Amino acid sequence: MAHDALSSHSSADPFTPAADSALWRKNFLLGAATASYQIEGAVDEDGRLPSIWDTFCATPGKVLAGDSGAVACDHYHRWESDVDMLVGLGLEGYRLSIAWPRVMDANGASNRKGLDFYKRLLTRLKEKGITTFVTLYHWDLPQHLEDRGGWLNRETAYRFADYADLMSRELAGTVDAWATLNEPWCSAYLGYGNGHHAPGLANGRFATQAMHHLLLAHGLALPVLRENDPSSQKGIVANIGRGTPNSDSVEDQRAAQLFEIQHNAWILDPLLKGAYPEALFELWPGTEPLILGGDMQIISAPLDFLGINYYFRTNVATDGAHGFTEVPLEGVERTQMGWEVYPDGLRDLLIGFSHEYSNLPPVYITENGMASDDTVIDGRVNDTQRISFLKRHLAAVDEAIKAGVDIRGYFLWSLMDNFEWAFGYERRFGIVHVDYVTQKRTTKRSAELVSQFIEERKERSQRA
Ligand code: FCB
């Protein structure tokens with residue numbers, strides 16, 4: 001029977017992984033991800049305080065078409081049917097984030113109504129047998145903390161540990177894995193370094209200091225999470241970028257290395273080696289953050305898992321000085337974001353990390369996916385590019401596993417179309433389409449195929 005199931009997929013099958021793929025293993029977790037500000041809406045309800053993203057969206061010119069997360073996918077009100085949808089697709093894992101401004105007031109006291117929302121949601125997910133990955137900080141910093149300096153203020157790291165304490169006391173037992181932060185690179189660099197994200201500040205020195213406080217926040221939260229919720233996994237989620245040299249010249253090769261130091265080692269070195277990469281400060285002279293004694297030990301405490309988000313590669317050349325500059329390649333496949341589709345980058349980075357960091361913890365791919373200009377035609381969305389994208393990236397994950405990297409699961413970004421930060425609602429990353437006028441959800445073809453694969457895998461393992 002197992003043979004029949006397999007042979008029903010010809011090589012032309014648009015999604016199903018190869019017969020020998022590690023993804024057929026039933027303990028390889030397959031799920032989808034979202035984030036609070038991108039889907040919840042209900043920004044003024046039940047005592048939620050403003051976040052830096054509410055403020056940023058209200059600032060003219062910051063977000064495409066003046067969009068904001070005020071309504072988004074209205075998930076705050078539609079969470080029950082959204083959970084049914086996720087369960088209906090057969091997804092095994094769900095990665096979501098908690099909105100800090102929903103659950104704590106400005107004095108650090110809990111906001112019961114906000115907390116109850118996440119309790120209900122997580123309890124339901126557990127009842128349905130879903131493995132839950134909860135991110136504490138997916139960029140929606142309470143505005144009142146930004147008013148006191150945000151991530152430039154060391155105090156924010158301690159406030160984050162208080163928040164982690166509250167959440168892990170309240171939600172212990174409903175969370176399988178806690179991630180402290182989502183993509184500190186984006187919070188620090190896009191938020192404080194070039195101003196493309198909230199809070200919109202642009203200063204290199206700010207970026208490195210914000211990063212240090214973000215990582216400190218992570219390190220301070222870890223023991224608190226361990227104490228309050230010992231049976232769950234604890235980790236952090238980092239976005240990683242592949243940089244490839246535009247030529248064989250020594251200068252361009254160095255440029256590609258510097259790109260990866262700036263994108264990857266800036267975060268992974270302090271977490272896994274307890275020190276920032278020296279080259280970072282050659283790239284950005286004079287931006288060394290203020291580090292207090294003991295900080296690096298706190299930051300580099302052991303992790304149970306590392307979440308990896310991967311999207312594209314960047315082709316770079318030397319900028320003629322000490323840095324790199326992007327040289328976009330012509331004639332390559334790109335997504336609606338303009339990002340190059342480059343699955344090999346995911347494989348190569350994962351294998352590279354396993355050599356670079358002897359203490360690399362088990363990895364989950366916590367985000368991977370692509371945006372396309374999907375439309376509903378006769379009740380269907382045929383997102384062919386996404387199907388091919390997912391298949392190729394899952395094959396890259398499989399190759400990394402075969403090369404010895406301990407990768408335990410994969411979360412699609414995203415469960416449904418949502419508010420894509422500075423790009424608003426125009427870019428559609430979901431495997432489920434959302435009509436923002438009616439809030440109707442329509443399963444895309446990619447979701448159907450992922451769902452069929454999970455179903456088939458389940459059947460095979462039951463037969464085995
Ligand atoms: C990542 C973010 C996520 C989503 C994807 C496309 O950087 O973590 O929220 O916006 O990009």
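Leaving out neighbours within four places in sequence, Tyr311 is in contact (heavy atoms within 4.5 Å) with Glu183, Trp339, Glu340, Glu367, Asn368, Gly369, Phe389, Trp413 and Phe429. This is a predicted model, in which local features need pLDDT of at least 70, side-chain atom pairs count only at pLDDT 80 or more, and totals for chains, interfaces and linings use all residues. Residues are numbered from 1 along each chain as its sequence is written, and side-chain values use heavy atoms, with hydrogens and water left out.

Tyr311 lies in strand β6; helices (H or I, at least four residues) and strands (E, at least two) are DSSP runs, numbered from the N terminus. Tyr311 counts as buried at 11% relative accessibility. Buried means under 20% relative accessible area, exposed over 50%, and partly exposed in between, with a 1.4 Å probe and protein chains only. Trp339, one of the contacts of Tyr311, is 28 residues from Tyr311 in sequence, with 7.5 Å between the two C-alpha atoms. The side chains of Tyr311 and Glu367 are joined by a polar contact of 2.7 Å. A polar contact is a pair of N or O atoms within 3.5 Å; within protein, one must be able to donate a hydrogen and the other to accept it, and residues adjacent in sequence count only if both atoms are side-chain atoms.

Tyr311 and Glu367 also belong to the surroundings of the ligand, together with Gln38, His138, Trp139, Asn182, Glu183, Trp413, Glu420, Trp421 and Phe429. A residue is included there if one of its heavy atoms lies within 4 Å of the molecule. Several polar distances can be given for the ligand oxygen atoms. An N or O atom in the side chain of Glu183 is 2.5 Å from an oxygen atom of the ligand. For a polar side-chain atom of Gln38 the distance to a ligand oxygen is 2.7 Å, and for an N or O atom in the side chain of Trp421 it is 2.9 Å. On its own the ligand has 290 Å² of accessible area, of which the protein covers 95%. Accessible areas come from the Shrake-Rupley method with a 1.4 Å probe; for residues, only the protein chains shown count as cover.

The space that the ligand takes is the largest pocket. On a 1 Å grid over the protein atoms alone, a pocket is an open set of points with protein on both sides within 12 Å along at least five of seven lines, whereas a cavity is a set of points where a 1.4 Å probe fits but cannot get out; lining residues have an atom within 4 Å of a point. A molecule sits in a cavity or pocket if more than half of its atoms lie within 2 Å of its grid points.

Trp421, from the ligand surroundings, is found in the loop between β9 and β10. Trp421 has a positive phi of about 45° although it is not a glycine, and it is buried at a relative accessible area of 4%. The loop between β9 (407-413) and β10 (432-434) also holds Ser414, and the peptide bond from Trp413 to Ser414 is cis, with omega near 10°.

Asn182, another residue around the ligand, is found in strand β4 (residues 177-182). Asn182 is buried, with a relative accessible area of 1%. Beyond four places in sequence, the contacts of Asn182 are Arg95, Thr135, Tyr137, His138, Trp139, Ser187, Val237, Asn309 and Glu367.

Ser187 is one of the buried residues of α9. In helix α9 (residues 184-193), 9 of the 10 residues are buried, so the helix is largely enclosed by the rest of the structure. These buried residues pack against β3 (131-137), α7 (143-146), β4, α10 (204-228), β5 (233-245) and α11 (250-273). Just after α9, Gly195 takes a positive phi of about 75°. Pro199 lies in the loop between α9 and α10, and the peptide bond from Ala198 to Pro199 is cis, with omega near 5°.

Leu306 is also placed in strand β6 (residues 305-318). Leu306 is buried, with a relative accessible area of 1%. Not counting residues up to four places away in sequence, Leu306 touches Ile236, Leu268, Leu360, Pro361, Pro362, Val363 and Tyr364. The C-alpha atoms of Leu306 and Ile365 are separated by 8.5 Å, with the two residues 59 apart along the chain.
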